[in-house]
2 protein chains.
Amino acid sequence: MPHPSTHLPHRVFGTAASGNCHKVRLALDLLGIAYRWHEVDVVKGGTRTPAFLAMNPNGKVPVLQIDDHTFLAESNAILGYLADGTDLWPGDRLQRAQVLQWLFFEQYTHEPAIAVARYIRAFLKQPDDARLPALIKRGDAALAVMEQHLARQPFFAAGRFSIADIALFAYTHKADEGGFDLAAYPAVRAWLARCRAVPGVTDMPSPA
Amino acid sequence: MPHPSTHLPHRVFGTAASGNCHKVRLALDLLGIAYRWHEVDVVKGGTRTPAFLAMNPNGKVPVLQIDDHTFLAESNAILGYLADGTDLWPGDRLQRAQVLQWLFFEQYTHEPAIAVARYIRAFLKQPDDARLPALIKRGDAALAVMEQHLARQPFFAAGRFSIADIALFAYTHKADEGGFDLAAYPAVRAWLARCRAVPGVTDMPSPA
């Protein structure tokens, strides 16, 4: 557990090359919020230690430490917390719910295929893993849904850049590391360029 | 596509025995919002028709129709839309984000194990499916996280019943149909009883 402090900045417990963690970095950078980054090595069991499980019993990065005793888990919930009341979660009630729709699409349909394929190839270095063909098929289906949407709209919701774009940018801009080819998705590639043009948006590092 | 109408009530396109769809019914019932339910047979391809895909290109129930041209997908985003500004999504900024944390836990960690096991056993009637042992192991890990949390708190977030409880109630109260035994989770069983004591909370039907 981190040493208690009465006036600490936000602390992020995360893995720099993890898209779920990079989302949190992007939101903090875009909002100009100070933070300290504590690197966690997920491949070497860094999320399975008693100290980590005391912060997040579900054993996953990222975790945002808000004060001495308060820890928030789930990358897209952290995005919601940081963006609440800011231009990164814009719009009326319906538009805000449409942001949520894409956040849940990302966690249920996109990440379990595209991020997991990348984890197997780029973190575990197992390019011949038997799970990959099915993951590629599922990931391509998710990319096709994104392509259809982005062919008609510049960003995912509310007509402007939001946490929905942050969440989907995270693993899409490194999808090639999971074995995906974005050549067939021109609207997705154009959207990635629009995201990268937003001041504060950076690419995440590749795994070592 | 449903026949256009200028003053229609909310319409739900869903499967009555699906937990993701039952969440939407519970929120509508608890909030006293009128709706029409359009039953979709997911096993027989009801989410793969052109009419359905025009509502949700991702091809999943439930879908909430808000007006003639507006459709919202993703069960937990629909919960957020319906509950926004009500006692079902209570609390301050942090508490609201903690509700989100459990909604994302539900969709990423809980549903892909517990709902999928139930789908294989109770919808597809394949109790010997080779995927089930791994799904049971993952689902038990999710139930253990819930048990630890509920041993200290009556509901998932904000100290009271919220859409986080609705989302997790949906598949947990029928987890036995997926092959799970809740005997080892007394705090989860006590929480289920507290949920069922909320006026308007009903069990979902079992698949035919």
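This is a predicted model: local features need pLDDT of at least 70, side-chain atom pairs count only at pLDDT 80 or more; totals for chains, interfaces and linings use all residues.
Domain bounds here come from an automatic or database domain assignment. With that in hand, I looked up chain A, where domain 1 covers 10-83 and domain 2 covers 93-196. I found their C-alpha centres 21 Å apart.

Residues are numbered from 1 along each chain as its sequence is written, and chains are lettered from A and ligands numbered from 1 in the order in which they are written.

**Between the domains of chain A**

I checked contacts next (two residues touch if their C-beta atoms, placed from the backbone, lie within 7 Å). I got 11 residues of domain 1 of chain A against 11 of domain 2 of chain A. On the domain 1 side, α1 (19-31) and α3 (75-83) of chain A each supply at least two residues; helices (H or I, at least four residues) and strands (E, at least two) are DSSP runs, numbered from the N terminus. The largest share, 6 residues, comes from α1(A).

**Chain B on chain A**

I laid chain B on chain A and got an RMSD of 0.0 Å, with a turn of 180° and a shift of 0.0 Å along the axis.

I then looked at the contact itself: 25 residues of chain B meet 25 residues of chain A. On the chain B side, β4 (70-73), α3 (75-83), α4 (93-123) and α5 (132-150) each give at least two residues. I noted α4(B) as giving the most, with 11 residues.

**The sheet in chain B**

I traced 4 strands in an open sheet, in the order β2-β1-β3-β4 with mixed pairing; strands pair if DSSP finds at least two bridges between them. The edge strands are β2 (35-39) and β4 of chain B, each pairing on one side only. I followed β1 (residues 10-14) of chain B alongside β2(B), parallel over 5 bridges. B:Phe13 has B:His38 in β2(B) as its bridge partner.

Terms used: Copies are superposed by least squares on the C-alpha atoms of residues with pLDDT of at least 70 in both.
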